[in-house]
Amino acid sequence: MNLFLQCGDKVLLEEFSKQTKLTSPQSADVMFIDWLPDMSQSFLDKYKTLKKKQTFIIFDRFLSIEVDEANDFRRKGYILMEPALNFRRKYFHYIPFWTKIKGLDDIKLNEELNVRPYDLVYKGNLQGKKSSFNQYYIEYAKSYPKTVFYENQKSISQLESESYSNHGIVKKDNISYTDAKTTLIIGSPLDYEIGYLDYHIFEALDNNCIPLIVNEHKYFSLLSPYRIDNSISDINYITNSYNGTYIGYIRDIYLYIEKYYPEMIIENVVKQILDYVR
């Protein structure tokens, strides 16, 4: 089977290259498209008629495909996938976001002279998530101002930005997890209901930033042994002890993924995707 991967994820690319043959769109039997609303449609329009027997797999990363679009894709024989455990949209199959498991020897030590300046950060879109952001990030910033940082984005109004600043939360244009000790994995009420986990969790994990799961993520309560019970002191303890404990925290999370969520392991994700077209 020849497969073309329309996705910039290096972990996914590496594993697909192990389990199948990667090729150009012109030679592919299967096209895997990581669906981005502003980009993927033009790609699909360009390549959808290359081969009569070509199979298209569309992974709806942001759950942005509307009902009419899904119906149209299904009529064309496309295979649809979504990273929401309990959304159960018609025609969609559950495929979780993925990670490559690291053992102790695989976890790179932080540079000794690199003191991480951010105790707690938020990356990504805040649309729909502001209630949880207020509950956790603002409450933490009230007790520990100027230690909480979030990424500048269009979904935050000038008034909200000023309010966050007044509470001691610092806005940055670009945030790297390599500068952060922890991040809280929050979501919208719908995210919690349908089991949609922010994909940034694995980017943080890969960069030794400890991802902490909030209580509302009921489907992922076993993802980490270090859940936050709405306690500011819990977060502060982890940030204060970070330098001496981060390797243990990171390794434990990988162990919990192996034990309770093996479907998130990259080898299993790619195998499951390919099983739909074999």
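Strand β1 is mostly covered, with four of its five residues buried. The model in which this strand sits is a predicted one, and the protein it describes contains 10 helices and 11 strands. Its radius of gyration is 20 Å, close to the 19 Å that the globule rule gives for 278 residues, so the protein is as compact as a globular protein of that length.

**Overall build**

- Along its principal axes, the C-alpha trace of the protein spans about 60 × 45 × 30 Å.

**The six-stranded open sheet**

- Six strands form an open sheet with parallel pairing, and their order across the sheet is β2-β1-β3-β4-β5-β6.
- The edges of this sheet are β2 (21-22) and β6 (92-94), each of which pairs on one side only.
- Strand β1, which covers residues 2-6, runs parallel to β2 and is joined to that strand by two bridges.
- Within this pairing, Leu3 stands opposite Leu22 in β2.

**Strand β10 and its partners**

- Strand β10 (residues 180-185) has six of its six residues buried, so this strand is largely enclosed by the rest of the structure.
- On the β7 side, three bridges join β7 to β10 and the two strands run parallel, with Val121 standing opposite Thr183 in β10.
- β10 also pairs with strand β11 (residues 210-213), again in the parallel sense and over four bridges, and here the bridge partner of Thr182 is Ile210 in β11.

- Helix α4 (residues 130-143) has 14 residues and reaches 19 Å from its first C-alpha to its last, which is close to the 20 Å expected at 1.5 Å a residue.
- Despite that span, α4 has a kink of about 25°, and the kink is centred on Tyr137.
- An α-helix has 3.6 residues a turn, so residues three or four places apart point the same way.
- Gly128 is placed in the loop between β7 (118-122) and α4, and with a relative accessibility of 43% this glycine counts as partly exposed.
- Once neighbours within four places in sequence are left aside, Gly128 is in contact with Gly187, Ser188 and Pro189.
- Pro189 lies 61 residues from Gly128 in sequence, yet the two are 7.6 Å apart in space, C-alpha to C-alpha.

**Two loop residues with positive phi**

- Most residues other than glycine have a negative phi, and the two residues described next depart from that pattern.
- Leu63 has a phi near 55°, a positive value in a residue other than glycine, and lies in the loop between β4 (55-59) and α3 (67-75).
- Arg88 has a phi near 60°, which is likewise positive in a residue other than glycine, and lies in the loop between β5 (79-82) and β6.
- In terms of cover, Leu63 is buried with a relative accessible area of 19%, whereas Arg88 counts as exposed at 71% relative accessibility.

- Apart from its neighbours within four places in sequence, Arg251 is in contact with Ile101, Lys102, Gly103, Leu104, Ile107 and Glu258.

Conventions:
Residues numbered from 1 in each chain as written. Predicted model: local features only at pLDDT ≥ 70, side-chain atom pairs only at ≥ 80, totals over all residues. Heavy atoms only, no water. Expected span 1.5 Å × (residues − 1). Bend = angle between axes of the 7 residues up to and from the residue. Rg over C-alpha atoms; globule rule 2.2 N^0.38 Å. Buried < 20%, exposed > 50% of the residue type's maximum accessible area, 1.4 Å probe, protein only. Contact = heavy atoms within 4.5 Å. Pairing = 2+ DSSP bridges.
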